[in-house]
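This report goes through one protein model, part by part. Please keep the sequence and the structure in view while reading.

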Amino acid sequence: MRGEPVKSEGNGQMNILVLCTGNSARSILLESILSQCGDGRFSAYSAGSQPTGSVNPAAIAQLEAVGLAVSGLRSKSWDEFTTPSAPTMDLVVTVCGNARDETCPVWLGAPVSAHWGVDDPTVVSGPNSAVRKAFSEAYTQLLKYADVFMAEAVEDMDQAALHDHVRKIERLK
């Protein structure tokens, strides 16, 4: 028997929270992809357990290079999403790349969660071309995850189907 769709809000959109430690690059990139490439199907947000307080300029440059809007993007704490007035999340995605070397936040109480790990482009130093390449690669990997995610009518899936779908995406590289 098919369960109810996971959409928790009455707005017809799926609420997605993307988490990473600093909320300055990877989580910002995926928030932008889901918000702007999802044809209005998603309300995407991003946050971090230890936010840097600013969006990495290379992340802004990457988003602008692919034609995505950057206004309103900011690095913020996941605490903003624990208040009674915060939107109820349908999916929480962590994007930390190497769990062994990074502190990757865990979101408790989310109906469905996923881990779509991507290497941290902010650790790349050197010439601007190396930094741009790292951000481009991170964006490309996140876009790949998002494209597979958005190819299905995920907003109409029940929790079990959504769980299975995001687990398949976790295995992509």
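## Salt bridges

Glu155 and Arg41 form a salt bridge, with 2.9 Å between the closest N and O atoms. This pair links distant parts of the chain, 114 residues apart: Glu155 is in the loop between H3 and helix H4 (159–170), and Arg41 is in the loop between H1 and strand E2 (42–47). Both Glu155 and Arg41 are buried. The model is a predicted one, and it holds five salt bridges. Side chains of opposite charge can pair when their charged atoms come close.

Another salt bridge joins Arg26 to Asp120, where the closest N and O atoms are 3.7 Å apart. Here too the pair links distant parts of the chain: Arg26 belongs to helix H1 (residues 26–37), while Asp120 sits in the loop between strand E4 (113–118) and helix H3 (128–150), and 94 residues separate them. Arg26 and Asp120 are both buried. Glu80 and Arg74 form a salt bridge as well, at 2.8 Å between the closest N and O atoms. Glu80 counts as partly exposed because its relative accessibility is 36%. Arg74 also counts as partly exposed, because its relative accessibility is 42%.

## The sheet

Four strands make up an open sheet, in the order E2-E1-E3-E4, and their pairing is parallel. E2 and E4 are the edge strands, each pairing on one side only. On average, neighbouring strands of this sheet are turned by 20 degrees against each other, direction ignored. Strands of a sheet pair through backbone hydrogen bonds, either parallel or antiparallel.

Strand E1 (residues 14–19) and strand E3 (residues 91–96) run parallel and are joined by four bridges. Ile16 has Leu91 in E3 as its bridge partner, and Val18 has Val93 in E3. E3 also pairs with E4, in the parallel sense and over four bridges. In that pairing, Val92 stands opposite Ser113 in E4.

## How E3 is covered

How many of the six residues of E3 are buried? The count is six of six, and E3 is described as mostly covered. In a regular strand the side chains alternate between the two faces of the sheet. Both faces of E3 are covered: on one side Leu91, Val93 and Val95 are buried, and on the other Val92, Thr94 and Cys96 are buried.

## Helices on the sheet and against each other

Which strands does H3 lie across? H3 lies across E1, E2, E3 and E4, and runs at about 150 degrees to E4. H4 lies across E1, E3 and E4, and its angle to E4 is about 15 degrees.

H3 also meets helix H2 (residues 57–65): the two axes come within 10 Å and cross at roughly 60 degrees. The crossing of H2 past H3 is right-handed. On the H2 side, the contact is made by Ala58, Ala59, Gln62 and Leu63; on the H3 side, it is made by Val131, Arg132, Phe135, Ser136 and Tyr139.

## Aromatic residues

A pair of aromatic rings is described by the distance of the centres and the angle of the planes. The structure has four aromatic pairs. One of them is the tilted pair of Phe42 and Phe149, at 5.5 Å centre to centre and with 35 degrees between the planes. This pair links distant parts of the chain, with Phe42 in strand E2 and Phe149 in helix H3, 107 residues apart.

Phe42 and Phe149 are both buried. Together with Trp116 and Tyr145, Phe42 and Phe149 form one aromatic cluster.

## Two residues with positive phi

Most residues other than glycine have a negative phi. Asn23 is not a glycine, yet its phi is positive, near 50 degrees. Asn23 lies in the loop between E1 and H1. Because its relative accessibility is 1%, Asn23 counts as buried.

Asp39, likewise not a glycine, has a positive phi of about 55 degrees. Asp39 is placed in the loop between H1 and E2. Why does Asp39 count as exposed? Its relative accessibility is 73%, and the cut-off for exposed is over 50%.

Technical notes. Residues numbered from 1 in each chain as written. Predicted model: local features only at pLDDT ≥ 70, side-chain atom pairs only at ≥ 80, totals over all residues. Heavy atoms only, no water. Salt bridge = Lys/Arg side-chain N within 4 Å of Asp/Glu carboxyl O. Buried < 20%, exposed > 50% of the residue type's maximum accessible area, 1.4 Å probe, protein only. Pairing = 2+ DSSP bridges. Axes fitted to C-alpha atoms, helices over the stretch in contact; angles between N-to-C directions. Contact = heavy atoms within 4.5 Å. Phe/Tyr/Trp six-rings, centres within 6.5 Å; stacked < 30°, edge-to-face > 60°. Left-handed = near helix turned anticlockwise from the far one by under 90°.
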